[in-house]
Amino acid sequence: MKPIPLMRELAQAEIEQISGFLGKSLIESASYQGQLSIIISRENFHNNMKFLKHDMAFDLLTNLTAVDNLNYPDYKKAERFAIIYELFSTTTGRRLRIKVLLLEEHAELSSVVDIWKSAIWQEREVYDLFGIDFIGHPDLRRILMPDYFEHHPLRKDYPLEGLGERDNFEKVY
Amino acid sequence: MGIEAKVLDLLGRGFLYTKANALLNWGRSNSVWFLPFGTACCAIEMMAAYGPRYDIARFGSEVMRFSPRQADVMIVSGRVAIKMMPILIKVWRQMAEPKWCISMGACACTGGIFNTYTMVQGIDKFIPVDIYMPGCPPRPETMLDALMEIQKMMKKYDNRSRTGKDEAYSINA
(Lines give C-alpha, C1' and ligand atoms only; values in the text may rest on other atoms or scores of the structure.)
Protein backbone atom coordinates (compact mmCIF):
# COMPACT_ATOMS: atom_id res chain seq x y z
CA MET A 1 0.00 0.00 0.00
CA LYS A 2 1.29 3.40 -0.91
CA PRO A 3 1.76 5.69 2.12
CA ILE A 4 -0.52 8.73 2.28
CA PRO A 5 1.39 12.01 2.14
CA LEU A 6 0.88 14.02 5.30
CA MET A 7 0.45 17.29 3.46
CA ARG A 8 -0.23 18.03 -0.14
CA GLU A 9 -1.33 21.34 -1.57
CA LEU A 10 -4.87 21.72 -2.80
CA ALA A 11 -4.95 21.84 -6.56
CA GLN A 12 -6.35 24.95 -8.19
CA ALA A 13 -9.22 22.93 -9.63
CA GLU A 14 -10.18 21.70 -6.15
CA ILE A 15 -10.10 25.21 -4.71
CA GLU A 16 -12.39 26.33 -7.50
CA GLN A 17 -14.71 23.38 -6.87
CA ILE A 18 -14.94 24.25 -3.17
CA SER A 19 -15.50 27.97 -3.71
CA GLY A 20 -17.97 27.20 -6.49
CA PHE A 21 -20.11 25.03 -4.23
CA LEU A 22 -19.89 27.30 -1.21
CA GLY A 23 -20.78 30.39 -3.27
CA LYS A 24 -22.15 33.10 -1.02
CA SER A 25 -21.36 31.06 2.12
CA LEU A 26 -17.65 31.69 1.58
CA ILE A 27 -16.78 34.89 3.42
CA GLU A 28 -13.00 34.90 3.35
CA SER A 29 -10.17 32.62 2.35
CA ALA A 30 -6.45 32.60 2.93
CA SER A 31 -3.68 30.24 1.96
CA TYR A 32 -0.48 29.61 3.87
CA GLN A 33 2.13 26.97 2.96
CA GLY A 34 -0.37 25.34 0.67
CA GLN A 35 -2.98 24.98 3.42
CA LEU A 36 -6.28 26.66 2.69
CA SER A 37 -8.13 28.37 5.54
CA ILE A 38 -11.65 29.56 4.87
CA ILE A 39 -14.28 31.44 6.85
CA ILE A 40 -17.82 30.33 6.04
CA SER A 41 -21.16 31.66 7.18
CA ARG A 42 -23.58 30.06 9.62
CA GLU A 43 -26.30 29.74 6.97
CA ASN A 44 -26.31 26.42 5.13
CA PHE A 45 -23.38 25.35 7.32
CA HIS A 46 -24.41 21.73 7.77
CA ASN A 47 -24.93 21.16 4.04
CA ASN A 48 -21.56 22.66 3.23
CA MET A 49 -19.81 20.38 5.70
CA LYS A 50 -21.59 17.37 4.19
CA PHE A 51 -20.33 18.42 0.78
CA LEU A 52 -16.75 18.60 2.04
CA LYS A 53 -16.98 15.13 3.55
CA HIS A 54 -18.72 13.32 0.72
CA ASP A 55 -17.67 15.17 -2.44
CA MET A 56 -14.24 16.52 -1.49
CA ALA A 57 -13.22 13.36 0.48
CA PHE A 58 -12.27 15.19 3.69
CA ASP A 59 -13.03 12.07 5.68
CA LEU A 60 -11.11 12.85 8.89
CA LEU A 61 -11.93 15.62 11.37
CA THR A 62 -8.56 16.05 13.04
CA ASN A 63 -9.48 18.93 15.31
CA LEU A 64 -12.49 20.91 16.45
CA THR A 65 -11.94 23.88 18.71
CA ALA A 66 -13.16 27.39 19.46
CA VAL A 67 -11.84 30.89 20.09
CA ASP A 68 -13.35 33.69 22.13
CA ASN A 69 -12.64 36.96 20.31
CA LEU A 70 -13.64 39.24 23.19
CA ASN A 71 -10.83 41.69 24.12
CA TYR A 72 -9.40 41.54 20.60
CA PRO A 73 -8.46 45.02 19.30
CA ASP A 74 -10.94 44.98 16.40
CA TYR A 75 -13.65 42.99 18.19
CA LYS A 76 -17.15 43.10 16.74
CA LYS A 77 -20.17 41.80 18.59
CA ALA A 78 -21.19 39.69 15.60
CA GLU A 79 -17.94 37.74 15.82
CA ARG A 80 -17.73 36.82 19.48
CA PHE A 81 -16.90 33.14 18.98
CA ALA A 82 -15.13 31.31 16.20
CA ILE A 83 -15.52 27.54 15.83
CA ILE A 84 -12.61 25.99 13.99
CA TYR A 85 -12.67 22.68 12.12
CA GLU A 86 -9.51 21.10 10.75
CA LEU A 87 -10.12 18.53 8.07
CA PHE A 88 -7.82 15.97 6.50
CA SER A 89 -8.31 13.62 3.61
CA THR A 90 -6.78 10.17 4.11
CA THR A 91 -7.09 9.41 0.39
CA THR A 92 -5.58 12.53 -1.13
CA GLY A 93 -3.54 14.00 1.76
CA ARG A 94 -5.15 17.45 1.50
CA ARG A 95 -5.86 19.66 4.49
CA LEU A 96 -8.51 22.32 4.99
CA ARG A 97 -9.17 24.66 7.89
CA ILE A 98 -12.67 26.08 8.39
CA LYS A 99 -13.80 28.88 10.66
CA VAL A 100 -17.39 29.78 11.53
CA LEU A 101 -18.14 33.01 13.40
CA LEU A 102 -20.93 33.10 15.99
CA LEU A 103 -22.90 35.90 17.64
CA GLU A 104 -22.57 36.49 21.36
CA GLU A 105 -26.30 36.08 22.05
CA HIS A 106 -26.80 33.12 19.69
CA ALA A 107 -23.86 30.91 20.57
CA GLU A 108 -25.23 27.90 18.75
CA LEU A 109 -24.38 25.89 15.66
CA SER A 110 -25.61 22.67 14.15
CA SER A 111 -23.64 19.62 15.21
CA VAL A 112 -21.43 17.69 12.79
CA VAL A 113 -21.60 14.43 14.76
CA ASP A 114 -23.71 12.86 12.02
CA ILE A 115 -20.96 13.66 9.49
CA TRP A 116 -17.82 12.93 11.51
CA LYS A 117 -18.36 10.67 14.55
CA SER A 118 -15.13 11.93 16.13
CA ALA A 119 -16.82 15.28 16.79
CA ILE A 120 -18.86 13.82 19.63
CA TRP A 121 -16.33 14.43 22.42
CA GLN A 122 -14.80 17.50 20.82
CA GLU A 123 -18.17 19.25 20.66
CA ARG A 124 -18.75 18.31 24.29
CA GLU A 125 -15.44 19.94 25.17
CA VAL A 126 -16.27 23.14 23.28
CA TYR A 127 -19.69 23.18 24.95
CA ASP A 128 -18.11 22.67 28.37
CA LEU A 129 -15.45 25.37 28.09
CA PHE A 130 -17.11 27.94 25.80
CA GLY A 131 -20.83 27.30 26.23
CA ILE A 132 -21.52 26.79 22.53
CA ASP A 133 -24.78 24.93 21.99
CA PHE A 134 -24.42 22.27 19.28
CA ILE A 135 -27.87 21.58 17.91
CA GLY A 136 -28.44 17.92 17.12
CA HIS A 137 -25.67 16.58 19.33
CA PRO A 138 -26.85 13.27 20.85
CA ASP A 139 -25.26 13.72 24.30
CA LEU A 140 -24.27 17.31 25.04
CA ARG A 141 -22.92 17.08 28.60
CA ARG A 142 -19.87 18.54 30.29
CA ILE A 143 -16.72 16.51 29.69
CA LEU A 144 -13.93 18.14 31.75
CA MET A 145 -15.54 20.28 34.44
CA PRO A 146 -17.70 18.69 37.15
CA ASP A 147 -21.42 18.44 36.42
CA TYR A 148 -22.41 20.97 39.07
CA PHE A 149 -20.15 23.66 37.53
CA GLU A 150 -22.17 26.64 36.35
CA HIS A 151 -19.89 28.64 34.06
CA HIS A 152 -17.90 28.15 30.90
CA PRO A 153 -14.35 28.86 32.02
CA LEU A 154 -12.53 29.52 28.73
CA ARG A 155 -14.77 32.47 27.95
CA LYS A 156 -12.72 35.63 28.28
CA ASP A 157 -15.19 37.23 30.70
CA TYR A 158 -14.68 34.40 33.21
CA PRO A 159 -11.91 35.31 35.70
CA LEU A 160 -8.79 33.14 35.78
CA GLU A 161 -9.11 32.47 39.48
CA GLY A 162 -12.75 31.49 39.18
CA LEU A 163 -15.82 32.71 41.01
CA GLY A 164 -15.16 30.93 44.29
CA GLU A 165 -15.77 27.33 43.14
CA ARG A 166 -12.40 26.26 44.49
CA ASP A 167 -13.19 27.54 48.01
CA ASN A 168 -16.62 25.99 48.20
CA PHE A 169 -16.18 22.62 49.85
CA GLU A 170 -17.22 21.09 53.12
CA LYS A 171 -14.68 21.46 55.93
CA VAL A 172 -13.80 18.19 57.66
CA TYR A 173 -12.08 18.69 61.00
CA MET B 1 15.54 5.57 78.11
CA GLY B 2 13.62 4.57 75.00
CA ILE B 3 11.18 1.69 75.09
CA GLU B 4 13.47 -0.44 72.88
CA ALA B 5 16.30 -0.07 75.38
CA LYS B 6 13.92 -0.98 78.20
CA VAL B 7 13.03 -4.19 76.37
CA LEU B 8 16.69 -5.13 76.02
CA ASP B 9 17.27 -4.34 79.66
CA LEU B 10 14.38 -6.47 80.84
CA LEU B 11 14.91 -9.40 78.48
CA GLY B 12 17.01 -11.37 80.92
CA ARG B 13 14.59 -10.84 83.79
CA GLY B 14 11.59 -12.45 82.06
CA PHE B 15 9.02 -9.66 82.22
CA LEU B 16 8.47 -6.03 81.35
CA TYR B 17 5.89 -3.48 82.32
CA THR B 18 4.57 -0.37 80.58
CA LYS B 19 1.39 1.60 80.07
CA ALA B 20 -1.13 0.28 77.54
CA ASN B 21 -1.11 3.64 75.80
CA ALA B 22 2.66 3.59 75.33
CA LEU B 23 2.63 -0.01 74.10
CA LEU B 24 -0.04 0.70 71.48
CA ASN B 25 1.76 3.81 70.29
CA TRP B 26 5.07 1.98 70.16
CA GLY B 27 3.58 -0.69 67.93
CA ARG B 28 1.70 1.73 65.74
CA SER B 29 4.58 4.11 65.19
CA ASN B 30 6.94 1.35 64.07
CA SER B 31 4.53 -0.05 61.52
CA VAL B 32 3.08 2.99 59.79
CA TRP B 33 0.71 2.08 56.99
CA PHE B 34 0.36 4.79 54.40
CA LEU B 35 -2.51 5.49 52.07
CA PRO B 36 -1.03 7.02 48.92
CA PHE B 37 -3.28 9.69 47.43
CA GLY B 38 -0.95 10.35 44.51
CA THR B 39 -2.31 12.74 41.92
CA ALA B 40 0.83 14.11 40.27
CA CYS B 41 4.62 14.07 40.06
CA CYS B 42 5.10 14.14 43.88
CA ALA B 43 3.82 10.56 43.85
CA ILE B 44 6.92 9.54 41.87
CA GLU B 45 9.16 10.86 44.66
CA MET B 46 6.94 9.10 47.19
CA MET B 47 7.50 5.83 45.30
CA ALA B 48 11.25 6.51 45.25
CA ALA B 49 11.19 6.77 49.04
CA TYR B 50 9.71 3.26 49.14
CA GLY B 51 12.25 1.91 46.64
CA PRO B 52 15.52 0.13 47.41
CA ARG B 53 17.71 3.26 47.29
CA TYR B 54 15.95 5.17 50.08
CA ASP B 55 14.20 2.16 51.65
CA ILE B 56 11.69 3.73 54.01
CA ALA B 57 11.26 0.29 55.61
CA ARG B 58 14.43 0.97 57.65
CA PHE B 59 12.43 3.51 59.65
CA GLY B 60 9.29 1.50 60.18
CA SER B 61 6.94 1.82 57.24
CA GLU B 62 6.88 -1.11 54.89
CA VAL B 63 3.50 -1.33 53.21
CA MET B 64 1.24 1.04 51.37
CA ARG B 65 -2.43 0.30 51.65
CA PHE B 66 -4.80 1.24 48.87
CA SER B 67 -7.81 0.83 51.12
CA PRO B 68 -8.41 3.82 53.40
CA ARG B 69 -9.86 1.48 56.05
CA GLN B 70 -6.48 -0.17 56.58
CA ALA B 71 -4.25 2.91 56.62
CA ASP B 72 -2.93 5.15 59.40
CA VAL B 73 -1.55 8.05 57.38
CA MET B 74 -2.81 9.58 54.15
CA ILE B 75 -0.18 11.20 51.92
CA VAL B 76 -1.69 13.69 49.50
CA SER B 77 1.06 13.94 46.92
CA GLY B 78 0.21 16.26 44.07
CA ARG B 79 -2.28 18.88 43.00
CA VAL B 80 -5.93 18.47 43.94
CA ALA B 81 -8.44 19.77 41.40
CA ILE B 82 -11.98 20.83 42.29
CA LYS B 83 -13.22 17.60 40.72
CA MET B 84 -10.93 15.55 42.99
CA MET B 85 -11.61 17.37 46.26
CA PRO B 86 -14.96 15.61 47.06
CA ILE B 87 -13.19 12.27 46.51
CA LEU B 88 -10.35 13.30 48.82
CA ILE B 89 -12.86 14.24 51.54
CA LYS B 90 -14.68 10.93 51.08
CA VAL B 91 -11.46 8.90 51.32
CA TRP B 92 -10.36 10.85 54.42
CA ARG B 93 -13.69 10.12 56.09
CA GLN B 94 -13.38 6.41 55.36
CA MET B 95 -10.11 6.16 57.29
CA ALA B 96 -10.43 4.80 60.81
CA GLU B 97 -9.25 6.84 63.81
CA PRO B 98 -6.51 7.41 64.72
CA LYS B 99 -5.43 8.96 61.42
CA TRP B 100 -2.88 11.48 60.23
CA CYS B 101 -2.42 13.42 57.03
CA ILE B 102 0.72 14.50 55.18
CA SER B 103 0.42 17.23 52.57
CA MET B 104 3.28 16.56 50.16
CA GLY B 105 4.70 19.26 47.91
CA ALA B 106 3.85 22.83 47.03
CA CYS B 107 0.57 22.05 45.21
CA ALA B 108 -1.06 20.08 48.00
CA CYS B 109 0.06 22.67 50.56
CA THR B 110 -0.83 25.91 48.77
CA GLY B 111 -1.92 25.22 45.20
CA GLY B 112 1.62 25.83 43.98
CA ILE B 113 1.93 27.45 40.59
CA PHE B 114 -1.67 26.57 39.73
CA ASN B 115 -3.49 29.69 40.83
CA THR B 116 -6.51 28.96 38.63
CA TYR B 117 -10.21 28.21 38.88
CA THR B 118 -9.70 24.42 38.84
CA MET B 119 -7.19 24.06 41.65
CA VAL B 120 -7.83 23.84 45.38
CA GLN B 121 -5.44 26.32 47.02
CA GLY B 122 -4.15 24.01 49.74
CA ILE B 123 -5.96 20.93 51.03
CA ASP B 124 -5.67 22.24 54.61
CA LYS B 125 -8.58 24.55 53.83
CA PHE B 126 -10.86 21.53 54.05
CA ILE B 127 -9.12 18.62 55.76
CA PRO B 128 -6.74 18.70 58.77
CA VAL B 129 -3.09 18.38 57.80
CA ASP B 130 -0.41 17.27 60.28
CA ILE B 131 2.75 17.56 58.19
CA TYR B 132 3.50 19.95 55.36
CA MET B 133 6.33 18.87 53.08
CA PRO B 134 7.86 21.71 51.08
CA GLY B 135 9.39 21.23 47.65
CA CYS B 136 8.39 20.86 44.04
CA PRO B 137 8.62 17.92 44.32
CA PRO B 138 10.19 17.17 47.74
CA ARG B 139 13.23 14.90 47.82
CA PRO B 140 12.73 11.38 49.20
CA GLU B 141 14.83 12.45 52.21
CA THR B 142 12.05 14.90 53.09
CA MET B 143 9.64 11.99 52.95
CA LEU B 144 11.80 10.06 55.42
CA ASP B 145 11.86 13.10 57.69
CA ALA B 146 8.08 13.41 57.44
CA LEU B 147 7.73 9.77 58.47
CA MET B 148 9.87 10.39 61.54
CA GLU B 149 7.80 13.45 62.46
CA ILE B 150 4.63 11.38 62.13
CA GLN B 151 6.18 8.73 64.38
CA LYS B 152 6.86 11.39 67.01
CA MET B 153 3.19 12.41 66.86
CA MET B 154 2.08 8.79 67.09
CA LYS B 155 4.16 8.28 70.22
CA LYS B 156 2.39 11.22 71.84
CA TYR B 157 -1.07 10.04 70.84
CA ASP B 158 -3.55 9.71 73.67
CA ASN B 159 -5.68 6.62 73.00
CA ARG B 160 -8.34 7.67 75.53
CA SER B 161 -9.51 10.79 73.69
CA ARG B 162 -11.45 10.92 70.45
CA THR B 163 -8.88 12.67 68.29
CA GLY B 164 -6.02 12.20 70.73
CA LYS B 165 -3.70 14.58 68.98
CA ASP B 166 -1.31 16.80 70.86
CA GLU B 167 -2.45 20.43 70.93
CA ALA B 168 0.96 21.67 69.85
CA TYR B 169 0.82 19.60 66.66
CA SER B 170 -2.73 20.38 65.65
CA ILE B 171 -2.65 23.01 62.92
CA ASN B 172 -6.38 23.69 62.95
CA ALA B 173 -6.88 23.74 66.72
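Keep in mind that the model is predicted. Over all chains, the aromatic pairs come to seven.

**A buried arginine**
- You'll find A:Arg124 in helix α3 of chain A, which covers residues 119–130.
- Setting aside neighbours within four places in sequence, A:Arg124 is in contact with A:His137, A:Asp139, A:Leu140, A:Arg141, A:Arg142 and A:Ile143.

**Aromatic pairs**
- The count over all chains is seven aromatic pairs.
- Take B:Trp100 and B:Tyr157: their ring centres are 5.5 Å apart and their planes sit at 65°, so this pair is edge-to-face.
- B:Trp100 belongs to strand β3 (residues 100–104) of chain B, while B:Tyr157 is in the segment after α6 (140–155) of chain B, so the pair ties together parts 57 residues apart in sequence.
- B:Trp100 counts as buried at 1% relative accessibility, and B:Tyr157 is buried too, with a relative accessible area of 4%.
- A:Phe149, A:Tyr158 and B:Tyr117 make up one aromatic cluster, with members from chains A and B.

**Charges over rings**
- In chain B, B:Arg65 lies over the face of B:Trp33, 4.7 Å from the ring centre.
- B:Lys99 has its charged end over the ring of B:Trp92, at 4.7 Å from the centre of that ring.

Note on methods. Residues are numbered from 1 along each chain as its sequence is written. Chains are lettered from A and ligands numbered from 1 in the order in which they are written. This is a predicted model: local features need pLDDT of at least 70, side-chain atom pairs count only at pLDDT 80 or more; totals for chains, interfaces and linings use all residues. Side-chain values use heavy atoms; hydrogens and water are left out. Helices (H or I, at least four residues) and strands (E, at least two) are DSSP runs, numbered from the N terminus. Contact means heavy atoms within 4.5 Å. Rings of Phe, Tyr and Trp (its six-membered ring) pair if their centres lie within 6.5 Å; planes under 30 degrees apart count as stacked, over 60 as edge-to-face and the rest as tilted. Buried means under 20% relative accessible area, exposed over 50%, partly exposed in between (1.4 Å probe, protein chains only). A charge sits over a ring if NZ of Lys or CZ of Arg is within 6 Å of the ring centre and within 35 degrees of the ring normal.
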